[in-house]
Structure formats: structure tokens, C-alpha cells
Amino acid sequence: MTNSPFDATIRVAEVRDAEPFPEANKPEMTKLWLDIGDETLQSAAQLGYHHDADELVGTQVLCATNLGSIRIAGFKSEALTVGVPGDDGTPVLVTPDEAVPVGGTLY
């Protein structure tokens, strides 16, 4: 079975490291290093509105892992970390309600 361009695989990752990303063109960007079980991926996410980089380490997140990669201000973002608009319209991170196995796929 082949994936169409609209298929996305959403997996559970654990944030291994995070730091502010002021060099990015979008405000409140954060660099993330994500453990998805069988590999570590980098992600640039607009999380600084609601989340401090230091507090993200150890957090489980959901991320799309098969969309390819993009360079943002020299940083290779390999996964799209999933967020939804908060009351103020800025991104709020989507996380599991309880600890789940890293690498698990959303269904």
C-alpha cells in the first residue's frame, strides 16, 4: 500500500531537548529534539506562547513524521509537532492525557 500525498503518520514522541529559536521568522518558535523510539527527529514548533522550552523536556507530544523535512533558519525540521489554536488563536501543544509508549501511531 502506498501513501498518497495527503496521508500523514502521527506518532508519539518524547521531547529529549528543547530551546528557544529566536532566529526563525515566526514568533515564539522552539527547537525540539524528539525521541520516537527508533530514531530522534528535530522539529521547529511555534510553542513559545504557552510553553517554556525548559519545561517541555520529558513531555510526550504528537508529531507527523512522514511529511519530509524543511530548513528553518538553518535548522532541519523533520517532524511537524501537532498543536491546536488556543483561546487567543496561538498554538497550544497536543499531548496524550496519560503516558503512552513512545513511537505509537495515532489511529
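Biologist: R11, buried or exposed?
Modeller: R11 is buried, with a relative accessible area of 15%. Buried means under 20% relative accessible area, exposed means over 50%, and partly exposed is in between (1.4 Å probe, protein chains only). This is a predicted model, so local features need pLDDT of at least 70 and side-chain atom pairs count only at pLDDT 80 or more, while totals for chains, interfaces and linings use all residues. Residues are numbered from 1 along each chain as its sequence is written, and side-chain values use heavy atoms, with hydrogens and water left out.

Biologist: Which residue forms a salt bridge with R11?
Modeller: D38 does, and the closest N and O atoms are 3.4 Å apart. A salt bridge here is a side-chain nitrogen of Lys or Arg within 4 Å of a carboxyl oxygen of Asp or Glu. R11 sits in strand β1 and D38 in the loop between β2 and β3, 27 residues apart. Strands (E, at least two residues) and helices (H or I, at least four) are DSSP runs, numbered from the N terminus. At 58% relative accessibility, D38 counts as exposed.

Biologist: How many salt bridges in total?
Modeller: The count comes to 4. One of them joins D35 and R16, with the closest N and O atoms 2.8 Å apart. That pair links strand β2, which holds D35, to strand β1, which holds R16. D35 is buried at 15%, while R16 is partly exposed at 44%.

Biologist: What are R16 and D35 linked in?
Modeller: A network of salt bridges, together with E14.

Biologist: New topic. In what order do the strands of the sheet run?
Modeller: The open sheet has 5 strands, ordered β3-β2-β1-β4-β7, with antiparallel pairing. Two strands pair if DSSP finds at least two bridges between them.

Biologist: And which strands stand at the edges?
Modeller: β3 and β7 do; each has a single partner strand, so one side of each is left without a neighbour in the sheet. β7 pairs with β4 over 2 bridges, and T81 in β7 stands opposite C63.

Biologist: How many residues are in the largest nonpolar core?
Modeller: It has 15 residues, and V15, L32, L34 and L56 have the most contacts inside it. A nonpolar core is a set of buried Ala, Val, Leu, Ile, Met, Phe, Trp, Tyr and Cys residues joined through side-chain atoms within 4.5 Å. β1 gives the most to this core, with 3 residues.

Biologist: What does L32 touch?
Modeller: Leaving out residues up to four places away in sequence, L32 touches a list that includes V15, L41, L56 and F75. Contact means heavy atoms within 4.5 Å.
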